[in-house]
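Hello,

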Amino acid sequence: MVFLRFALNLLLLLFLPLISAEKLNVKECEKLGFTGLALCSDCNAFAEYVKDEELVSDCRKCCTEDSDDSMSKISYSGALIEVCMRKLVFYPEVVGFIEEEKEQFPSVKVQYAFNSPPKLIMLDGDGQHKETIRIDNWKREHIRQFLKEKVKPTSSAI
C-alpha cells in the first residue's frame with residue numbers, strides 16, 4: 001500500500017506539469033490577439049474552424065476555464081473591425097476580408113482609427129463594447145469563421 005501511494009505521488013509530480021497547460025499573462029495574450037475573456041470551450045469550437053494548431057494552442061493558453069453555470073457559447077449582436085488605414089497595407093488578410101467577405105456580415109462595420117492595430121471590437125445588443133480581440137496575425141478565413149460563430153445573424157438575415 002505504501003509503495004502504491006509513493007508510485008502515485010511520483011506520477012503526479014512527473015506528469016502534473018504536462019497536465020496543467022501553460023497560461024500566459026494578460027499582456028502576452030493581448031500581443032497574441034486574445035483578451036483572456038474567451039472561455040476554454042470557445043477555443044475548442046475555434047479549433048474546429050481554425051486548423052492552425054499554434055493559434056489554437058495560444059487560445060488555450062489565454063482562455064478562462066468554463067464554469068458549470070456559464071454559457072459555453074458567448075455571442076454578440078455586432079462587431080467593429082478597427083484598423084489604421086495607413087497600416088492596412090501590412091495586413092493583406094484583413095484587407096481581403098474587408099473587401100471580399102465583410103458583406104456577409106451586415107452587423108459588422110469597419111472603423112478606421114489612427115495607429116490602431118487590426119482588432120475586432122465585439123458589441124452587445126445596445127452597441128456597447130464588450131470584448132476586444134486583436135486579429136493582426138489572423139487569416140481571413142479565421143476572421144470569417146470566428147464571426148460566424150460569435151455574431152448573431154441580424155433579423156433581416158433570418
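**Salt bridges and a cavity**

Glu 101 has a relative accessible area of 7%, so this residue counts as buried (buried is under 20% relative accessible area, exposed is over 50%, and partly exposed is in between, with a 1.4 Å probe and protein chains only). The model is predicted: local features need pLDDT of at least 70, side-chain atom pairs count only at pLDDT 80 or more, and totals for chains, interfaces and linings use all residues. Residues are numbered from 1 along each chain as its sequence is written, and side-chain values use heavy atoms, with hydrogens and water left out.

Glu 101 forms a salt bridge with Arg 144, with 2.4 Å between the closest N and O atoms (a salt bridge is a side-chain nitrogen of Lys or Arg within 4 Å of a carboxyl oxygen of Asp or Glu). Arg 144 is in helix 6 and Glu 101 in the loop between helix 5 (92-100) and strand 2 (108-112), so the pair links parts of the chain 43 residues apart (helices, H or I with at least four residues, and strands, E with at least two, are DSSP runs numbered from the N terminus). Both residues belong to a network of salt bridges that also includes Glu 100 and Arg 140.

The whole structure has six salt bridges. One of them joins the side chains of Lys 119 and Glu 82, at 3.5 Å from N to O. Lys 119 lies in strand 3 (residues 119-123) and Glu 82 in strand 1 (residues 78-83), so this pair ties together parts 37 residues apart in sequence. Lys 119 is buried, at 18% relative accessibility, and Glu 82 is buried at 11%.

Asp 124 and Lys 130 also form a salt bridge through their side chains, at 3.8 Å from N to O. Asp 124 is buried, with a relative accessible area of 19%, whereas Lys 130 is partly exposed at 47%.

The search for cavities of 30 Å³ or more found two in the whole structure (on a 1 Å grid over the protein atoms alone, a cavity is a set of points where a 1.4 Å probe fits but cannot get out, and lining residues have an atom within 4 Å of a point). Helix 3 (40-49) and helix 6 (140-150) each supply at least two residues of its lining. Among the lining residues are Asp 42, Phe 46, Gln 145 and Lys 150.

Regards

Note on methods:
1 Å grid on protein atoms, 1.4 Å probe; cavity = no way out; pocket = protein on both sides within 12 Å on 5 of 7 lines; lining within 4 Å. Points joined across faces, edges and corners; volume = space filled by probe spheres on them.
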